[in-house]
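Work through the exercises below with the sequence and the structure open. Try each task before you read its solution.

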Number of protein chains: 2
Amino acid sequence: MLKLTKKADYGLMALKFLAEHPERPALSAKDVADAYGIPAQLLAKILQQLTKSGLLRSTAGMNGGYALAREARSISAYEVILAIDGPFFITSCSKGKTGCELTTNCTIKEPLARVNETIAGVLKSISIQDLAEHEPPAARERNARELVALTL
Amino acid sequence: MLKLTKKADYGLMALKFLAEHPERPALSAKDVADAYGIPAQLLAKILQQLTKSGLLRSTAGMNGGYALAREARSISAYEVILAIDGPFFITSCSKGKTGCELTTNCTIKEPLARVNETIAGVLKSISIQDLAEHEPPAARERNARELVALTL
DNA sequence: TAGTATACGACCGTTTCTGTCGGAATTACA
DNA sequence: TGTAATTCCGACAGAAACGGTCGTATACTA
């Protein structure tokens, strides 16, 4: 628990890989899959999801493939995870509207919701560019104060 | 994904409940389960885990039950989650020692490891006491600077 | 010794995750 | 025009995790 799915991992890796090869107009799912030893068909589906979410643009046919739809700097890890795994809530009860059905006073939800936002904030502060560069530098200092505001 | 298991939720609720009733020397698993509508036997197992981890102390027999082993203020949500769900890594690949087997250059792991530590830091900053009080106050300002240091 | 409670292991049904298969539509190029 | 490369899409199967139950043993109190 509290773990990214492999799909999300794969998706992040793939986007990172694309960000590292801006010279190529497009890379096929197989190219990326081979580079990382990821099951090709599975990665294909993941990239399709990312395309539908607008993070990638795709071209079919020969020499087709995928490329980043926006600048690597402007795509956050949060968006990727959201696109692949859907919205996440740290509490297992909050299903959106109804909230906790079982319990009238599930008061733990409220503080944990804040944790949730913190996590989201951190993930939003990390861009694909940051992943591509080994020592992620910029996103750090930049968001320090925001993050504190979010968390506390 | 990125979600606490129900077990962890239940565990947190139970500890919160115990923290709210310091006058009672011990509360049985059934007492707590009834209070929240949690399956009694399931909660019992969870409380046993928490006991083995040293967060609770238990007494068998009549008028027995569970009580906090330490002050509510000194038990963090992190410890509870750790005791119930085991150690968590946000990346699905890192299994501890070997790291990423598949990939030679799974460079996404390194930035995400930092996210992982951030989450852990936030969870460590929340105590059972904070959960018991509705508007969790103290842990906030207190850890602001630490947290930033951790995250960024 | 009877009743209440924890302790512990086995088990099972459901869901989620991971991965595969098959086929259709699209594009480039010879 | 035909072929190969490639995205696109749904269905499905195996595996793992999760949630919950059952039975039984053990410990404590009155």
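**Exercise 1: A helix and its cover**

The cover over the buried residues of α3(A) includes α1, α2 (29-36), β1 (56-59), β2 (65-68) and α4 (77-85) of chain A. Contact here means heavy atoms within 4.5 Å. Helices (H or I, at least four residues) and strands (E, at least two) are DSSP runs, numbered from the N terminus.

Before you start, note that this is a predicted model: local features need pLDDT of at least 70, side-chain atom pairs count only at pLDDT 80 or more, and totals for chains, interfaces and linings use all residues. Residues are numbered from 1 along each chain as its sequence is written, chains are lettered from A and ligands numbered from 1 in the order in which they are written, and side-chain values use heavy atoms, with hydrogens and water left out.

*Task.* Which residues of α3(A) are buried, and why do they line one face of the helix?

*Solution.*
1. Find the buried residues (under 20% relative accessible area, exposed being over 50%, partly exposed in between; 1.4 Å probe, protein chains only). In α3(A) they are L43(A), A44(A), I46(A), L47(A) and L50(A).
2. Look down the axis of α3(A). The buried residues fall within an arc of 165 degrees (directions from the helix axis to the C-beta atoms), so they line one face.
3. Turn to the face away from the buried side. Q41(A), K45(A) and K52(A) are exposed there.
4. Step past the end of α3(A). G54(A) follows just after, with a positive phi of about 85 degrees.

**Exercise 2: The DNA surface**

*Task.* Which residues come nearest to DNA strand C? Which polar contacts are there?

*Solution.*
1. Count a residue as near if one of its heavy atoms lies within 4 Å of the strand. There are 24 residues around DNA strand C, and K6(A), K45(A), A29(B), S58(B) and Y66(B) come nearest.
2. Check the DNA side. Of its atoms within 4 Å of the protein, 66% belong to sugar or phosphate and the rest to bases.
3. List polar contacts (pairs of N or O atoms within 3.5 Å). A side-chain N or O atom of S58(B) is 2.7 Å from a phosphate oxygen. For Y10(A), a polar side-chain atom lies 3.3 Å from a phosphate oxygen. G61(A) uses a polar backbone atom, 3.4 Å from a base oxygen.

**Exercise 3: One residue in chain B**

*Task.* Is I128(B) buried or exposed?

*Solution.*
1. Locate I128(B): helix α6 (residues 128-132) of chain B.
2. Read its relative accessibility. The value is 0%, so I128(B) counts as buried.
3. Look for contacts beyond four places in sequence. I128(B) touches L12(B), L15(B), K16(B), A19(B), A72(B), I75(B) and V80(B).

How values were computed: Polar contact = N/O pair within 3.5 Å; in protein donor to acceptor, adjacent residues only side chain to side chain.
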